[in-house]
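Shall we start with the surface and work towards the salt bridges?

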Amino acid sequence: MDVDVDVDAVADELYGLAPERFTEARNEQAARARKVGQAGAAKAIAALRRPTRAAYASNLLVRRRPEEVAAFLELGEALRRAQRSLDGGRLKALSHQRHVVVAALARTARQLAEEEGRAVGEGVVHEVEQTLHAALADSEAAVQWSGGRLSTGLDPPVGFTGLPETAPVRPPPERPAKQKQEQRRKEPTPEPEPEPEPEPSREVEQRRARAERARAEAAARAAELRAAEQVLAEADERVAELERQLREARTARTEARRARSAAADRAR
């Protein structure tokens, strides 16, 4: 009789493991599902990807610090509400809080990973920070991050470097037409408009161009790092599979030798 396999429960268990234990445990779970006749569940489990170091640290943070995660999600909701409503004062205060919280949570994720014996470099910490920024900027990313099952880091929306330090000002409410007419009668003759601001100097434009190039190069390096992490993860999976096959071959060889020895003993 078929036995139902809870793929979500299996995924929760797997993404709580260290990356180097993930592949073997995933393959065992997939094989167990196939054995009980759950081909669909086996396929879904086999498709789960080994987490990168940054994803592992992010998942560890979600699982070990639920209260801080809940507060972080509330901060993200507040930021998005303030952005939509153009609440300048609120947005500026939350923007400062965002910088502090992201840095603190990234340090906590690093500490948790190191407590588990997994070294975390600055590149991984930066990717954790980017994941946290993505969770603040986008509600779907927040849900994905807070599930604790990331296989790779998340990216903030294109052009997102955090909410603006100088927050937009809420426009004043529209006045009725009659009030506008009375106001115009009371207002003095307008002064001549000031001269337009001079165009930015060549030096300013060059600084801007350099800053844009630096941001583009940083994004390219982050993408290269993520690609390298993925290649490494896939290579580790292949090594684990080859090691499993080697163990099976050695076991078969030992059993064959025993069988041959037993046959020889019987022939004497």
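Arg250, Arg253, Arg257 and Arg260 together make up a positive surface patch. This is a predicted model, in which local features need pLDDT of at least 70, side-chain atom pairs count only at pLDDT 80 or more, and totals for chains, interfaces and linings use all residues. Residues are numbered from 1 along each chain as its sequence is written, and side-chain values use heavy atoms, with hydrogens and water left out.

**The positive patch**

- A patch is made of residues with over 30% relative accessible area and no salt bridge, with like charges joined within 9 Å and nonpolar side chains (Val, Leu, Ile, Met, Phe, Trp, Tyr) within 5 Å.
- For charges, Lys and Arg count as positive and Asp and Glu as negative, while His and the chain ends are not counted; the place of a charge is taken as NZ of Lys, CZ of Arg, CG of Asp or CD of Glu.
- Arg250, one of the patch residues, sits in helix α10 (residues 202-267).
- With a relative accessible area of 48%, Arg250 is partly exposed; buried means under 20%, exposed over 50%, and partly exposed in between (1.4 Å probe, protein chains only).

**Overall fold**

- The chain has 10 helices and 0 strands, where helices (H or I, at least four residues) and strands (E, at least two) are DSSP runs numbered from the N terminus.
- Along the sequence, the pattern reads α-α-α-α-α-α-α-α-α-α.
- Of the chain's 268 residues, 29% count as buried.

**Helix α7**

- Helix α7 (residues 122-137) has 16 residues and reaches 22 Å from its first C-alpha to its last.
- That reach is close to the 22 Å expected at 1.5 Å a residue, the expected span being 1.5 Å times one less than the number of residues.
- Buried residues in α7 include Val124, Val125, Val128, Leu132 and Leu136, and Glu127 and His133 are also among them.

- The structure holds 7 salt bridges, each a side-chain nitrogen of Lys or Arg within 4 Å of a carboxyl oxygen of Asp or Glu.
- Asp12 and Arg149 form one of them, their closest N and O atoms being 2.9 Å apart.
- Asp12 lies in helix α1 (residues 7-14) and Arg149 in the loop between α8 (139-146) and α9 (177-186), so this pair ties together parts that are 137 residues apart in sequence.
- Asp12 is partly exposed at a relative accessible area of 32%, and Arg149 is partly exposed at 32%.
- Asp8 joins Asp12 and Arg149 in a network of salt bridges.
- Glu116 forms a salt bridge with Arg64, with 3.1 Å between the closest N and O atoms.
- Here too distant parts of the chain are linked: Glu116 is in the loop between α6 and α7, Arg64 is in helix α4 (residues 53-64), and they are 52 residues apart.
- Glu116 counts as partly exposed at 32% relative accessibility, and Arg64 is partly exposed at 38%.

**Glu114 and its surroundings**

- Glu114 is located in helix α6 (residues 88-115) and is partly exposed, with a relative accessible area of 42%.
- The side chains of Arg110 and Glu114 meet in a salt bridge of 3.5 Å, N to O.
- Arg110 and Glu114 are 4 residues apart in helix α6, so about one helical turn separates them.
- Arg110 is partly exposed, with a relative accessible area of 25%.
- Glu114 and Ala57 are 57 residues apart in sequence and 9.2 Å apart in space, C-alpha to C-alpha.

Methods: Accessible areas come from the Shrake-Rupley method with a 1.4 Å probe; for residues, only the protein chains shown count as cover.
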